[in-house]
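Good morning, and thank you for coming. Please look at the structure on the screen, and I shall then take you through the fold of one chain and its contacts with another.

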Amino acid sequence: MQSLGIRVLFNVKNIRRLLEGLMVTARIAFISILIGSLLGVVLGVIWTAKRKWIRSICRIYLEMFRIIPIFVWLFVMYFGGTTALNVDLSGETVSIIVFTLWGTAEMGDIVRGALKSLPQHQVESGKAIGLGFWELYRYILIPQAVRRMLPGAINLATRMIKTTSLVVLIGVIDVIKVGQQIIEYSRIEIPTASFWVYGFVFILYFAVCYPLSKLSRMLENKWNR
Amino acid sequence: MKLNWQFILDSLPLYRDAAWITLKLGFWGILFSLAIGLICIIAQYFRVKLLRSIVQVYIELSRNTPLLIQLFFLYFGLTKLGIALSENTCAIIGLSFLGGSYMAEAFRSGLEAVSRSQIESGLSIGLSRAQLVRYVILPQAFSVGIPSIGANCIFLLKETSIVGAIAVVDLMNVTKDLIGMYYQTFEALFMLVAVYLIMILPLSIFLTWLERKARYAEFGNQGSV
């Protein structure tokens, strides 16, 4: 009865559980994107510092996430971090920590790039009319930089959302795990369940990420031309 | 925290084999990604009718869904429809499916960077089509495209960390087994991070160097980074 495999998705209970799993994924993504972008702005401002060692530290921090895969970081934190610090962290907490640290690094790079791309005379004019550091950033630099960094930031958000799929591998009950559970218990009745459930999750991720990347491209075309 | 060096020494062969698998999968993945990317960009650049729309759909699907789901779908989903693939084949298909669209984007950014006036000037001094491609378009497209192509290679190599989820005996699986069987958490994680550093750090440094070289060759080198 291959053609009826899709009925696994018409089961209200299954759909409700999948959406519950999606909420866990969404929570991890939302919290880490939010905190990551706020800290990222701070990092980006620090990154424009004149002192070379400050910039080097920022750079090394970013490269750590660029060179070591995020999945490895999840592993290191989940198995190593908890043992080393002798704390008991849930997979969800570990994921949020890792994604936040990663998001901060990438966002910092985006903000730095945006700030750097602003003409130098903006800073100098600001200083000339007597603005302090805080006012300079608050009224002159950040508002202008936002336009240049928003497309990149949205792209980063979609990347982070896509990467949240990895949390299942350190034991978080996310949308994929729920999908696996549904596949497991309907194995006898609906042998093709895995096709439909994974297909459904595939479409779920697409439905979230596609509008975001469209938006990012739209903003890029609108502002950068 | 004291590392058990004897254990690390004993586990070296395991990591060597796993790293070898990762490199092999990464190599084929990158190769096929380049091929797929090339097909995509040719279809788009020359506006091949039907193929162009297929490519468009493919790029959106591949860019907006996580590799993990793509792999699960290939490995567990398609099996149920009678298409059984080995885990290594699945991993390579998954990586190519993901990487193809990224490579296409890299090629596109390179081609778009060649300005209209360059092509027209080339034609006006009487270059043939082949000469135009060989002496005007490719060198410029290459110098713009090379950094992102290289970045994609690193990205794909990093993404291979996920294939452990479909039973490929890769670095992540070896690490997980060692932690599970011997409780040598720090040693296993240390080796994991070390192997990834050894694989990707030189590549990353080489890429930075190459990027500087390629930029130098750019037309009207403005010295902007």
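I begin with the contacts within chain A: among those between residues at least 6 apart in sequence, 79% join residues at least 24 apart. Two residues are in contact here if their C-beta atoms, placed from the backbone, lie within 7 Å.

This is a predicted model, in which local features need pLDDT of at least 70, side-chain atom pairs count only at pLDDT 80 or more, and totals for chains, interfaces and linings use all residues. Residues are numbered from 1 along each chain as its sequence is written, while chains are lettered from A and ligands numbered from 1 in the order in which they are written.

Next, the fold. Chain A has eight helices and zero strands; helices (H or I, at least four residues) and strands (E, at least two) are DSSP runs, numbered from the N terminus. Chain A is more spread out than a compact globule, because its radius of gyration, 22 Å, is well over the 17 Å that the globule rule gives for 225 residues. That radius is taken over C-alpha atoms, and the rule is 2.2 Å times the number of residues to the power 0.38. The C-alpha trace spans about 75 × 45 × 25 Å along the principal axes of chain A.

Finally, the interface. Here 30 residues of chain A are in contact with 33 residues of chain B. On the side of chain A that touches chain B, helices H3 (70-85), H6 (133-163) and H8 (193-223) of chain A each supply at least two residues. H8(A) gives the most, with eleven residues.
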